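Here are some exercises to work through with the structure open beside you. Try each task before reading its solution.

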Number of protein chains: 2
Amino acid sequence: MVQYVTLPLDLAFAALSDATRRGIIDQLGRGDASITSLADKFQMTLTGMKKHVQVLERAGLVVTQKVGRVRTCKLGKRGLKAEAEWIEAHRKLFEARFEALDEIISEMKREGSDESAS
Amino acid sequence: MVQYVTLPLDLAFAALSDATRRGIIDQLGRGDASITSLADKFQMTLTGMKKHVQVLERAGLVVTQKVGRVRTCKLGKRGLKAEAEWIEAHRKLFEARFEALDEIISEMKREGSDESAS
DNA sequence: TACATACTGAACCATATAGTTCAGTGTCTA
DNA sequence: TAGACACTGAACTATATGGTTCAGTATGTA
């Protein structure tokens with residue numbers, strides 16, 4: 001039995017799993033932006049954009065600050081360090097597995113045998 | 001207007017957003033495994049585990065092969081390259097933003113001003 | 001003061017996730 | 001051949017996501 005409970009990674013990866021949100025990060029990398037300007041750029045209602053920003057904020061990837069009537073969004077200081085580390089560590093696992101040559105053999109065997117992928 | 005449509009990244013990040021699934025990848029890094037053995041290790045029904053494996057499979061992170069009555073799961077050849085690249089590229093964006101010193105200033109200003117994070 | 005702007009919140013919708021149970025089907029093995 | 005084993009699929013539950021509309025509230029501006 002193994003127990004995995006890594007909430008911060010959950011939130012960050014979930015935030016990154018949406019193309020619009022990845023686009024928002026992209027955009028904020030080119031400069032801070034208001035909710036309205038983001039909503040325009042991604043052709044979405046204000047409310048819809050606000051939700052995306054909230055998801056990014058919960059994940060710590062974006063921070064926002066309201067001045068007057070404008071809420072400005074910027075990239076969070078948290079960054080993507082933890083995610084990069086997880087990915088890099090596991091990328092090694094993947095590669096290690098493929099250096100085992102039985103992999104290549106079973107790969108060849110798999111061509112034209114069964115496969116009943118639901 | 002910006003259009004982002006990156007399905008493979010969507011699927012992979014979504015697959016990685018669940019701690020159990022990250023655990024499965026972890027586990028498969030230590031050796032191939034059947035659905036049953038994974039279900040045991042993560043204290044979950046067979047059906048539940050099958051669903052997780054399907055999510056990983058759709059994302060290309062895991063491949064499975066049924067031999068006799070046993071379906072064996074292993075890490076997919078696809079790996080985490082695309083995800084690593086996205087993360088690394090954007091990590092730079094985050095860091096670049098923080099080298100701008102107005103960042104530090106506004107960071108200081110933010111302490112004890114508004115904040116109405118819904 | 002009146003109007004426009006920028007956001008906020010509630011409510012709703014369709015679909016997906018994460019999990020379950022239960023009832024199979026197909027494959028070993030004694 | 002009879003059981004047991006490993007998976008599969010359908011159905012159901014509760015909750016989350018990604019989006020909308022509509023009705024506010026607060027702020028800036030003419």
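**Exercise 1.** Find which atom of DNA strand C lies 2.3 Å from an N or O atom in the side chain of B:Arg21.

*Solution.* This is a predicted model, so take the distances as computed values. Start at B:Arg21 and follow its side chain to DNA strand C: the atom at 2.3 Å is a phosphate oxygen. Now try A:Arg69, where a side-chain N or O atom sits 2.7 Å from a base oxygen of DNA strand C.

**Exercise 2.** Work out which elements give two or more residues to the surface near DNA strand C.

*Solution.* In chain A, pick out helix H3 (35–41), helix H4 (46–58) and strand E3 (70–75). H4(B) supplies the largest share, four residues. Sorted by class, this surface holds four nonpolar, nine polar and eight charged residues.

**Exercise 3.** Trace the sheet in chain B and say in what order its strands run.

*Solution.* The order is E1-E3-E2, in an open, antiparallel sheet of three strands. Strands E1 (33–34) and E2 (62–67) are at the edges, each pairing on one side only. Two bridges join E1(B) to strand E3 (residues 70–75); for B:Ala33, the bridge partner in E3(B) is B:Cys73.

Next, look for helices across the sheet. Helix H2 (residues 19–29) of chain B lies across E1, E2 and E3, at about 90° to E3(B). H4(B) lies across E2 and E3 of chain B, at about 120° to E2(B).

How values were computed
Residues are numbered from 1 along each chain as its sequence is written. Chains are lettered from A and ligands numbered from 1 in the order in which they are written. This is a predicted model: local features need pLDDT of at least 70, side-chain atom pairs count only at pLDDT 80 or more; totals for chains, interfaces and linings use all residues. Side-chain values use heavy atoms; hydrogens and water are left out. A polar contact is a pair of N or O atoms within 3.5 Å; within protein, one must be able to donate a hydrogen and the other to accept it, and residues adjacent in sequence count only if both atoms are side-chain atoms. Ala, Val, Leu, Ile, Met, Phe, Trp, Tyr, Cys and Pro count as nonpolar, Asp, Glu, Lys and Arg as charged, and the others, Gly among them, as polar. Two strands pair if DSSP finds at least two bridges between them. Contact means heavy atoms within 4.5 Å. Axes are lines fitted to C-alpha atoms, for helices over the stretch in contact, and angles run from 0 to 180 degrees between N-to-C directions.
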